[in-house]
Amino acid sequence: MTLACTEPGASSIFQVCWVPVGVIAVVVSVYAFLHLFRFLQLLRTHISSGKGITWRNKYPSLEDLHALFDRGDVMVAAVLVASTLQLAHGDVAKVLEAHSMFKTDPWRRLVRTLTFISITVRANSAQRSQIVAWLNRLHGNIRLFEFETNTFVLATISYGLACAHQVLGCANDVELDVMVSAIMNMANKLNPEDRLKSVPTSLSAVEQFLSKQISFDPVQLQKLFEVATGNAAQLLNKRSSNRMSADFGKSLSWIQLSLYASLCRAMSLRILAPKTSSDCGLVLNLARTFQPLWYHLHYTACPHILTLDGFFGVLFDCDPSLQIPMNEVYHEIFGGQSSVPSAQRGPGRSMTAHLPQLPLAGASPAPERHLTPSSFLGNVREHFMCAYFRARLAGSSGRVPQHLGVIMDGNRRYSRQNRLGSVIEGHRMGARKLLQFMSWSFSVGIHNLTLWALSDDNLKRGRQELDPLFAMMADFIREIMMGDTPISVLEVRFRVVGDRSLLPAKLNGVIDAAEKATQGNKRFNMQLALGYGGQSEVVRAVKLAVKTHALEQSTTIEEALSNFTAKDVSKHTYTSELGLPPIDAILRTSGENRLSGFALWESQAAEISFVKPNWPGMTQSTFLQSIVSLSERNRRHGA
């Protein structure tokens, strides 16, 4: 490379500068290549072993679940499939034609149905109670809408949603069952008398239930599908020609809507009549080609037009009058003072769907993620790093921790560093991270989690911070552990350890209710350490051990102490009293290299991992890397 220089000696200066830059570039390139080569080599070894690559968590997180629902094409196809299946049910078909806008204005009915589903899957428990009341008002004068019929209608919607994702070919079985459960859990909530009745909550159970109600004859279903979509297609063509002749600038939106209609039609027919239908759809084949990218990187790669808000945007661009039924549904459910979320008021310009809102007291809306090179490449890197560490974990001869203790440190620092406005916002981001962390842990085979959320020393902080924190904790426990919302964690037994006498009565009441509601869950155990201190736990365990020892042997305290052992204390730690294995690994965030007394008695034999990110900023790849390290350590236990 030749540089033109007018000043004497300038060329030598540039040459001196370019040499270290070139060396650094070569070193970085070689380093990146070696890491890429090592990653690809490990993937090849893993694939050849017959185990395959795990690109996704077995148990979906809040963001994963929201991404599954946040697809306009899937939602529209699900409504079309549900309408067709409802037409196949004689009694429901009569009600559908007589009491809805099925024939008169199918697009208005479509918007109302999509708005209902969107509200339902994003609502917290209080909002879902309002939805239930609205449904009862809406169908109160229709005698047919009782438990069996309500279950059937919701089953058709959940079946359409799950099968649409199956057509696209990426969602796993657990994710599909969680989607179905999120919708079907509404069926026995519409009437207090139905609360103890069982409903199908998995895709296979819904398929069996529907097969007993209707015939899945593909020829008949294809004819009913043409009936269900015929009026909508005619109305679309009529509105399209009128709009395009009046305003040629809207033509692009109408083209987009026509492509949408083609995609949703092809998806629906693949579900209803896979063998008899010849309408495979070029648009569907293209969508399936790019689906893995959109599925795995929903928040940074999925085109906005394919999100639910993106579909509404295109639809309202074509016909602004269709925004009226959306507003009607919001006002009918939540009252005249409610407002439609800004993302759904019109055509959205953000490249990605907004993140779901956690139902926590006073929570501000979650920040949007925009498609920038850094965010996209960062997500791609994170996705590949997670696959790499999952592969290492699957190929490791070690074992994952039986009981992982976590010191969730750094919420306040994260809040200050990211200028969130208040400390409590950092705690809310930490609560969102806890939901993700549970998904990560359960997916790698960790069945017992104890998370230190509040120490006895933390309770010395001012009421200005503690009162909102207690309210947030109560909301989190109520919604996540015992709520009936889609973000509720399934099959997790929840308990609290620590000195609960230090906690406010309202929070203790919520804890009692959550522990009772989840006592039958057996798959996973999650303990939240509140008002916990390591020294306090040891003192408590020693007192209980001495007292128990004296009572069992009917001796004085002094005599009981003469043959007192460490095993007596171990029987009275919190984990032992709960019937759980001892904490055998501890993870601490925020870069602090100390345990601060956590699991003071059990940490003697526990492996420890310290990571730099603050708790809300922790990534899954960092977590997986720590688990790989913990699982590969040689535990000699003093031998």
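Buried here means under 20% relative accessible area, exposed over 50%, and partly exposed in between (1.4 Å probe, protein chains only). The model is predicted: local features need pLDDT of at least 70, side-chain atom pairs count only at pLDDT 80 or more, and totals for chains, interfaces and linings use all residues. Residues are numbered from 1 along each chain as its sequence is written, and side-chain values use heavy atoms, with hydrogens and water left out.

The chain contains 25 helices and six strands. These are DSSP runs numbered from the N terminus (helices H or I, at least four residues; strands E, at least two). Of the 639 residues in the chain, 52% are buried. Contacts are defined by heavy atoms within 4.5 Å. Among contacts in the chain with a separation of 6 or more, 75% join residues 24 or more positions apart.

Mean pLDDT, the predictor's confidence in each residue from 0 to 100, is 81 for the chain. A value of 70 or more is reached by 79% of residues. Residues 342-357 stay under 50, with 59 contacts beyond four places in sequence in the model. Residues 359-371 are also below 50, and this stretch has 38 contacts beyond near neighbours in sequence. Where pLDDT is low, the predicted coordinates should not be read in detail.

Helix H7 (residues 147-168) and helix H11 (residues 251-272) have axes that come within 9 Å and cross at roughly 100°. Axes are lines fitted to C-alpha atoms, for helices over the stretch in contact, and angles run from 0 to 180 degrees between N-to-C directions. The two helices, H7 and H11, are therefore roughly perpendicular (65 to 115 degrees; under 35 is roughly parallel, over 145 roughly antiparallel, the rest oblique). H7 contributes Tyr159, Gly160, Cys163, Ala164, Val167 and Leu168 to the contact, and H11 contributes Met267, Arg270 and Ile271.

Helix H14 (residues 308-318) is largely enclosed by the rest of the structure, because eleven of its eleven residues are buried. Among them are Asp309, Phe311, Phe312, Phe316 and Asp317.

Serine 590 has a phi of about 80°. Serine 590 is buried at 10% relative accessible area. Alanine 599 lies in the loop between E5 and E6, with phi near 50°. Alanine 599 is buried too, at 1% relative accessibility.

No disulfides (pairs of cysteine sulfur atoms within 2.5 Å) are found in the whole structure. Cysteine 264 is buried at 1% relative accessibility, and cysteine 386 is buried at 4%.
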